[in-house]
Amino acid sequence: MVAKTSNPLVRVSHLNKSYGNITALLDVSLDIYAGEILAIVGDNGAGKSTLIKMLAGVVKPDSGYIKVREQTYPYLSPTKAIHLGISTVYQDLALVDCRDVVSNIFLGRELVYGGLMVDRRRMEKQARQVLDKLQINIPSLKTPVGLLSGGQRQGVAVARAIIQGGNVIIFDEPTAAMGVQESAKVIRLMQELARAGMAVVVISHNLHHVFEIAERICVLRHGQIVAVCKASDYQPNQIVELIMGVTPITTDGIGVQKDAAN
Amino acid sequence: MQQIKRWLWSWNEQFSQILLGLILIIMAVLLHHASPFFMTWDNWRNILDQSALLVIVSLGMTFVICTSGIDLSVGAIAALSGVCMALAMHAGLSVELSICLGLAAGAAVGVFNGLLIAKLNLSPFIVTLAAMSVTRGIALILTKGIPIYGFPVNFTWWGSGHIGSLNPPILMAVLLGLLAALVLNRTKLGYYTLALGGNEEALRRSGVAHKTYKTIVYTISGLTAAVGGLVITARLNTAEPLAGWMLELDAIAAVVLGGTDMKGGRGSITGTIMACLLLGMLRNGLTILNIPSYYQQLTIGLIILAAIIISELRLRNAPGHGTITKED
């Protein structure tokens with residue numbers, strides 16, 4: 001509620017994307033606020049990944065724009081997105097398995113001295129600080145990430161997003177491949193990031209987790225936003241109905257109302 | 001369990017170099033017993049001199065193979081750059097300017113390869129195969145197939161001059177080797193070269209201009225091949241359009257023998273240099289022992305095969321090769 005009165009950190013507006021005959025996204029508009037956890041839910045193929053990939057600059061929209069810091073962009077590149085403070089923890093984590101933990105955390109943002117030589121020592125120190133803050137236990141930073149466990153790998157990907165220093169952090173299915181304990185850790189982490197003033201966007205199939213953390217829930221179906229609602233106003237089964245499209249969206253009144261006014 | 005795997009893997013990292021070093025020592029001891037001439041300084045200078053060309057060309061090839069690419073055009077580039085230097089000198093340009101022109105020609109072919117592979121996303125094998133033919137063709141057209149010979153002494157110095165008791169090619173190989181090791185292990189370019197081979201998509205999503213870096217890697221290979229062309233041309237005092245024939249295959253063999261992974265993401269300059277020395281020593285030893293050159297071909301082929309089998313078995317357990325079992 002506090003967040004809604006301030007300006008959004010990121011505003012996506014009227015985004016469209018189709019692959020041949022298939023419409024992936026249709027006129028999607030959404031605001032992302034600082035200090036808030038926004039969940040994006042929807043069935044497989046609803047367009048969740050396409051939407052966040054546009055924010056990350058990996059996919060180009062056909063039309064529409066993305067507004068960050070009072071500037072509008074028809075599309076972002078990965079470089080631009082990171083530069084504008086939008087970091088993404090991809091579902092596949094986008095790690096280089098044969099490279100070590102430090103190289104992965106600083107991938108694309110290596111610290112150098114003399115403008116040329118990679119500063120291993122400073123990178124190792126900062127990597128250790130971030131991992132400690134995230135409470136991720138990795139004994140040696142020289143371990144190739146391909147040898148780490150699922151939770152540790154996720155930790156490396158999150159640490160990279162934090163090193164990128166943005167204020168918007170997107171998680172694509174962060175708990176999909178995780179055990180109960182590791183999931184709980186990631187959830188706590190997302191809450192801490194939001195408390196620290198970052199905007200957290202999370203895609204999840206797990207409605208139990210969504211209701212545990214999200215303040216707002218954005219429901220996508222067939223590439224369209226059918227609802228953006230406050231989590232506290234809804235029951236999980238109502239969200240399921242929105243995802244599945246069982247309740248006719250035009251007659252019940254909840255679906256058409258895109259942003260909860262109160 | 002993880003501890004053991006990590007230990008095994010870190011040992012694996014050094015595995016190729018340790019193995020190569022052992023083979024080098026064993027072979028040296030055997031050859032020393034077989035021929036008293038082998039361990040003389042003159043013979044060793046000879047081995048180093050013969051290996052320098054391969055070392056220089058293989059350095060660039062190491063970078064390319066680290067990105068999981070391949071460069072089949074290096075032999076042809078060496079020929080073209082030599083021809084360019086020769087033509088420039090015969091046209092009355094200074095030696096220094098001619099060398100620069102030759103190197104620029106090699107780099108240009110590298111840029112051409114890199115742009116096609118990176119920006120158009122074409123297969124490195126096909127692009128450099130075509131480039132090999134095109135480059136060799138240009139070298140033949142420029143010379144009408146006839147070798148060009150007779151250059152100033154300050155040009156031939158680059159191939160057969162003396163700096164103390166060493167030759168310029170040996171010193172160039174040492175200096176370029178140090179530079180290559182520094183770049184691959186300690187600079188952004190090196191980090192991205194290895195990441196390109198490991199997971200190019202991850203590099204792209206991290207906001208790195210991955211295509212530019214890929215182009216740079218092929219340019220480096222073109223440049224080292226051109227330096228190889230300088231060495232060949234200056235040493236023989238002749239620019240041969242057919243120089244460097246099959247040089248690319250020797251370079252690829254040396255890089256793989258040195259422990260660089262053909263699948264990319266893992267590579268070692270030290271290994272490459274050691275492998276070049278091993279091949280040079282083997283050729284030298286077999287010649288000293290009066291073994292016919294047909295047997296040399298056979299032996300070298302079998303050694304490369306053995307190296308690839310060992311490296312493949314070893315890498316089955318390395319991360320990024322799929323078969324590893326992860327905890328949870």
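**Entry 1. Helix pair in chain B.** I looked up helix H2 (residues 41-66) of chain B and helix H7 (residues 168-186) of chain B, and found them packed at an angle of about 25 degrees with their axes 8 Å apart. The model is predicted; local features need pLDDT of at least 70, side-chain atom pairs count only at pLDDT 80 or more, and totals for chains, interfaces and linings use all residues. Residues are numbered from 1 along each chain as its sequence is written, chains are lettered from A and ligands numbered from 1 in the order in which they are written, and side-chain values use heavy atoms, with hydrogens and water left out.

I note the terms used here. Helices (H or I, at least four residues) and strands (E, at least two) are DSSP runs, numbered from the N terminus. Axes are lines fitted to C-alpha atoms, for helices over the stretch in contact, and angles run from 0 to 180 degrees between N-to-C directions.

H2(B) and H7(B) are therefore roughly parallel to each other (angles under 35 degrees count as roughly parallel, over 145 as roughly antiparallel, 65 to 115 as roughly perpendicular and the rest as oblique). I then listed the contact residues (contact means heavy atoms within 4.5 Å). On the H2(B) side they include B:Arg45, B:Asp49, B:Ile56 and B:Phe63, and on the H7(B) side they include B:Met172, B:Gly177 and B:Leu184. The residues of this contact of H2(B) with H7(B) divide into 15 nonpolar, one polar and two charged (Ala, Val, Leu, Ile, Met, Phe, Trp, Tyr, Cys and Pro count as nonpolar, Asp, Glu, Lys and Arg as charged, and the others, Gly among them, as polar).

**Entry 2. Salt bridges.** I counted 16 salt bridges over all chains (a side-chain nitrogen of Lys or Arg within 4 Å of a carboxyl oxygen of Asp or Glu). In one of them A:Arg216 pairs with A:Glu36, the closest N and O atoms being 2.8 Å apart. A:Arg216 lies in strand S11 (residues 216-221) of chain A and A:Glu36 in the loop between strands S2 (22-32) and S3 (37-42) of chain A, so the pair ties together parts that are 180 residues apart in sequence. Both A:Arg216 and A:Glu36 are buried (buried means under 20% relative accessible area, exposed over 50%, partly exposed in between, with a 1.4 Å probe and protein chains only).

Which parts of the structure does the bridge of B:Arg205 and A:Asp92 join? The side chains meet at 3.1 Å, N to O. B:Arg205 lies in helix H8 (residues 188-205) of chain B and A:Asp92 in the loop between strand S6 (86-89) and helix H4 (101-105) of chain A, so the pair joins two chains. B:Arg205 is buried at 12% relative accessible area, whereas A:Asp92 is partly exposed at 49%.

I also noted B:Asp261 with B:Arg266, at 3.9 Å between the closest N and O atoms. B:Asp261 is buried at 3% relative accessibility, and B:Arg266 is buried at 6%. Salt bridges that share partners join A:Asp92, B:Glu201, B:Arg204 and B:Arg205 into one network.

Entry 3. B:Ser221 lies in helix H9 (residues 210-236) of chain B and is buried, with a relative accessible area of 0%. Not counting residues up to four places away in sequence, B:Ser221 touches B:Gly60, B:Met61, B:Val64, B:Asp71 and B:Val74. Its C-alpha atom is separated by 9.6 Å from that of B:Ile77, 144 residues apart along the chain.

B:Thr224 is also found in helix H9 of chain B and is buried at 11%. Leaving aside neighbours within four places in sequence, B:Thr224 is in contact with B:Ile56, B:Val57 and B:Gly60.
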